[in-house]
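Subject: Structure for your files

Hello,

Here is the structure you were waiting for. My notes on what turned up in it follow below.

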Amino acid sequence: MKQRIMRRLKSHDAQYFYLLTIIGIFMMTFCSYTSPAFYFDYSPDNNAFFSVGKAMMHGVVPYKDIFEQKGPYVYFIHGLASLIAARSFIIIFVLEIIILVAAMWLTYRLGRLLAMRSLPALLIAIVSPVLFIFHPYYDYGDTVEYAVLPLILSLIYLVVLLDRHGFTVNHWWYFAQGLFVGIVFLSKYTLLGAWIAFYLMLGVYLLHRHRTATLWQMVLWSGAGFLLATVPWLLYFLATGSLKAFINVYFLFNTRAYLTSSVSVFANLVQSAVLLAQFFLNHVVFFVLGLLGTLLVIFQPKLFHTTFGRALYLVIFLASDLLALYGYDSGSVYAYYQLVYFAFFVLPLILMARWGLTFAKLPATDDPFIIVATVVLSTFLVLGVNNNVVSSRLFPNNASVTKQDTVVPQQPAQVVFGRIMRRSSQPLTLLNYGSIDMGFYTASGAVPNTYYFQNYNIPEQDAPQILRGQRATIRHRKVEWVVLNTPAKKTLRNWTGDPYHKGQITGGNLNPGTRVIAKSLTKNYRLVARHTQSFESVNVTYRLYQRRAR
């Protein structure tokens with residue numbers, strides 16, 4: 001056993017894996033805001049995940065004791081990360097690297113499965129990060145959509161494998177997919193489209209072919225994986241008396257608040273198709289890989305060996321892309337929702353690269369110069385599609401840190417305010433007013449102690465209890481610290497929100513207005529610090545208030 005392990009660790013594929021890992025570390029260092037190369041991860045969603053996860057590790061029950069709408073796996077993972085680094089995303093950064101390396105490795109394995117020689121398959125894998133961290137779809141990183149990419153790639157690999165092996169595979173493949181379904185179901189269920197289509201279509205196929213034993217293998221082993229991923233959470237919610245709250249928030253509230261279209265099921269699917277078509281027409285790369293590339297994959301006889309294999313791939317492609325945006329209209333879609341589309345660019349990329357590399361006459365063995373040249377090319381391509389690096393420490397005092405014109409090293413508001421709160425002898429209780437989590441819970445180490453610890457991308461009229469609860473927290477002096485934002489040139493009393501989006505968070509994660517709370521806030525709290533920096537191209541002033549002594 002030991003000798004076998006050592007042989008694998010020294011194998012050709014293992015050396016490729018080590019190279020892809022080094023590439024993954026380098027690229028994520030300058031493309032993900034979770035990286036130590038950045039001053040801070042400003043992403044509202046990432047900080048919300050971290051805040052709820054941290055609260056969970058302190059005995060707070062999601063959905064019941066604190067309001068947030070993603071699935072429990074998202075908070076659990078971030079909560080575990082907070083146990084190791086309570087004010088840092090360093091563990092999430094490591095996970096980001098693992099996800100990218102997994103996606104690159106699956107790209108390589110797909111190439112090998114499609115009978116490519118090892119060197120061409122490696123070169124394609126080296127270039128593939130261009131797809132996975134494409135800005136603004138990748139955005140800050142640490143999204144469920146990004147985490148799901150290698151899971152979808154594993155399903156695509158399974159489809160090709162089934163096609164080439166008479167739709168018979170080892171039962172552990174089904175167990176793994178069932179496990180992935182359970183994890184995605186309890187992370188963000190709108191991303192399940194590919195698996196729903198896969199199981200329905202393959203099940204009907206096996207039933208039609210009277211392959212009962214294979215059908216039962218798929219059902220039982222997939223079910224076992226699904227139960228392993230979901231039953232522990234069912235027991236957790238039952239034990240904490242939070243099952244009803246979980247259902248009300250994760251399923252019912254999300255459906256009411258975020259699925260903005262009220263038309264029929266068919267009309268919603270048509271709307272999703274329109275959004276998908278617009279996405280393909282938005283960029284020449286998307287058009288070539290997403291539309292033309294998919295057509296090549298479907299009609300290229302050497303890729304899939306059976307008609308059903310082609311049909312299965314096409315259906316999971318369409319189901320994944322259409323259901324990811326089901327119920328949304330064009331005005332409510334954020335770019336990162338569409339990152340899952342990119343998993344289906346991999347097969348077209350492999351097919352087109354395989355065709356192109358036939359003219360290059362690559363050597364039969366590894367060529368260090370070709371590999372290094374491809375790494376350099378891939379790095380330039382990644383920097384061309386992901387410009388997050390300009391907000392990193394490589395560019396001191398950049399706009400995301402400060403709007404002061406100074407050569408004195410500065411820190412962003414989150415770091416500055418966090419230090420002030422931690423140095424105070426007063427309780428570390430905080431309210432993030434009016435905006436999605438701005439990162440101050442993370443930077444200070446504060447654990448949310450109010451149900452509505454942040455606001456959401458929902459009009460106030462659709463969920464008035466959120467801001468009503470936050471205003472009551474200020475009025476009744478329930479927390480020691482309050483942090484909020486306004487546009488750089490607005491004051492607390494004259495910021496009434498965006499006139500075109502009344503009661504809503506707007507660009508720059510700006511709250512819906514502070515004038516309504518100005519009187520009670522200044523009566524109960526005093527201004528301690530302010531700091532202006534740019535967020536999503538909007539100049540934002542952050543203000544920190546501390547509770548006044550009685």
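**Notes on the model**

Arg477 counts as buried, because its relative accessibility is 12%, under the 20% cut-off. Please keep in mind that this is a predicted model. Arg477 sits in the loop between helix H20 (464-475) and strand E2 (481-487). Its phi is positive, about 55°, although Arg477 is not a glycine.

Asn397 also has a positive phi of about 55° without being a glycine. This residue belongs to the loop between helix H17 (368-385) and helix H18 (413-423). With a relative accessibility of 16%, Asn397 counts as buried.

Two further loop positions are worth a look. Ser43 lies in the loop between helix H2 (12-31) and helix H3 (44-57). Ser43 is buried, because its relative accessible area is 5%, against a limit of 20%. Leaving aside neighbours within four places in sequence, Ser43 is in contact with Tyr140 and Asp437.

Pro136 is in the loop between helix H7 (129-132) and H8. The peptide bond that joins His135 to Pro136 is cis, with omega at about 5°.

Now the chain as a whole. The chain holds 21 helices and four strands. Its radius of gyration is 25 Å, close to the 24 Å that the globule rule gives for 550 residues, so the chain is as compact as a globular protein of that length. The C-alpha trace spans about 75 × 55 × 50 Å along its principal axes. Of the 550 residues, 55% are buried. Counting contacts between residues at least 6 apart in sequence, 74% join residues at least 24 apart.

The largest nonpolar core has 174 residues, and those with the most contacts inside it are Trp195, Phe198, Leu202, Ile316, Phe342 and Leu347. Helix H8 (residues 144-164) supplies the largest share of this core, 15 residues. As for Leu202, it touches Leu162, Phe167, Tyr174, Met218 and Phe308, not counting residues up to four places away in sequence.

Regards

Conventions
Residues numbered from 1 in each chain as written. Predicted model: local features only at pLDDT ≥ 70, side-chain atom pairs only at ≥ 80, totals over all residues. Heavy atoms only, no water. Core = buried A, V, L, I, M, F, W, Y, C linked by side-chain atoms within 4.5 Å. Buried < 20%, exposed > 50% of the residue type's maximum accessible area, 1.4 Å probe, protein only. Helix = DSSP H or I, 4+ residues; strand = E, 2+ residues; numbered from the N terminus. Contact = heavy atoms within 4.5 Å. Rg over C-alpha atoms; globule rule 2.2 N^0.38 Å.
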